[in-house]
Amino acid sequence: EARDMISSGYKDITLLGQNVNSYGKTLQTPVTFAQLISEIDQNDGEYWLRFMTSHPKDCSKELIDAIANSRHISKHLHLPFQSGSDRILKAMNRRYDRKKYLETIAYAKEKIDGVSLTSDIIVGFPGETYEDFKETLSLIREVEFTSLFTFIYSPRVGTPAASESCSTFRRKSPRSAVRQWSDRPSACLSRAKRKRQASLTRAQAETSSSSLTATRH
């Protein structure tokens, strides 16, 4: 399908999945998602290949290496962390902790030149305290994301977090406080955005200078 799209002149292809890392596990001949995108990348042409979403618990070094070594895969990784608090991550059943997430991010920054990092956050998850939320803010500052999607927690019928009978999730943060918290992540991004814009401006200036020098010669 990808080959047909590329030969037809498509310039941007996006592979979508709730967790793209699950791709291939049920095939008769198992293939990893990293192998899939690497195979698509081998097709010649002028196009970008993108994907989302990759779950932090499954985001492998193999996947990051595939992005780093590619010709057409966008240097972008959308990796939802949801909370910077290990206590809340455990309550969410996310199956990774803050340390594991930051190790994955560090490897991506090391291997993928100029990688753009984006993420999702849930604010006001049942049982979350302001101290937990501050852990989320500190993670945002440490990673320096390009962009964030912030969502206020809303109950989903049938989930443990929505059950009032479960003592773990019984205490809810005041909605007024949660609404105030939800504005904070965007403010934390400002410094990272300015830093990235300055870096892109320098790179553009260096490229323009090199082109001008080459023209003169």
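Author: Let's start with valine 143, which sits in helix 6. Keep in mind that this is a predicted model. Valine 143 has a relative accessible area of 1%, so this residue is buried. Setting aside residues up to four places away in sequence, valine 143 touches Tyr101, Leu102, Ile105, Lys109 and Leu117.

Phe81, Tyr96, Tyr101 and Phe145 form one aromatic cluster. Across the protein, the count of aromatic pairs comes to 8. In the pair of phenylalanine 81 and tyrosine 101, the ring centres are 5.6 Å apart and the planes stand at 55 degrees, so this pair is tilted. Where do the two partners come from? Phenylalanine 81 lies in the loop between strand 3 (76-78) and helix 4 (86-91), while tyrosine 101 belongs to helix 5, so the pair ties together parts that are 20 residues apart in sequence. Both phenylalanine 81 and tyrosine 101 are buried.

Phenylalanine 81 has another partner in phenylalanine 145, and that aromatic pair is stacked, with 5.6 Å from centre to centre and 10 degrees between the planes. Phenylalanine 145 lies in the loop between helix 6 (130-143) and strand 5 (147-152), so its pairing with phenylalanine 81, in the loop between strand 3 and helix 4, ties together parts that are 64 residues apart in sequence.

Leaving out neighbours within four places in sequence, arginine 98 is in contact with Gly84, Asp86, Leu89, Glu135, Ser138, Leu139 and Glu142. Serine 85 is 13 residues away along the chain from arginine 98, and their C-alpha atoms are separated by 6.9 Å.

Helix 5 (residues 98-111) also packs against helix 3 (residues 61-68), at an angle of about 25 degrees and with the axes 9 Å apart. Angles under 35 degrees count as roughly parallel, and helix 3 and helix 5 are therefore roughly parallel to each other. Their crossing is right-handed. On the helix 3 side, Lys61, Ile64, Asp65 and Ala68 meet Thr104, Tyr107, Ala108 and Lys111 of helix 5. Sorted by class, that contact has 4 nonpolar, 1 polar and 3 charged residues.

Stepping back to the whole chain, the protein has 8 helices and 5 strands, and from the N terminus on, its elements run α-β-α-β-α-β-α-α-β-α-β-α-α. Its C-alpha atoms fill a box of roughly 70 × 50 × 30 Å along the principal axes. Of the 217 residues in the protein, 40% are buried. Among the contacts with a separation of 6 or more, 76% are between residues 24 or more positions apart.

How values were computed: Residues numbered from 1 in each chain as written. Predicted model: local features only at pLDDT ≥ 70, side-chain atom pairs only at ≥ 80, totals over all residues. Heavy atoms only, no water. Axes fitted to C-alpha atoms, helices over the stretch in contact; angles between N-to-C directions. Helix = DSSP H or I, 4+ residues; strand = E, 2+ residues; numbered from the N terminus. Parallel < 35°, antiparallel > 145°, perpendicular 65-115°, else oblique. Left-handed = near helix turned anticlockwise from the far one by under 90°. Contact = heavy atoms within 4.5 Å. Nonpolar A, V, L, I, M, F, W, Y, C, P; charged D, E, K, R; others polar. Phe/Tyr/Trp six-rings, centres within 6.5 Å; stacked < 30°, edge-to-face > 60°. Buried < 20%, exposed > 50% of the residue type's maximum accessible area, 1.4 Å probe, protein only.
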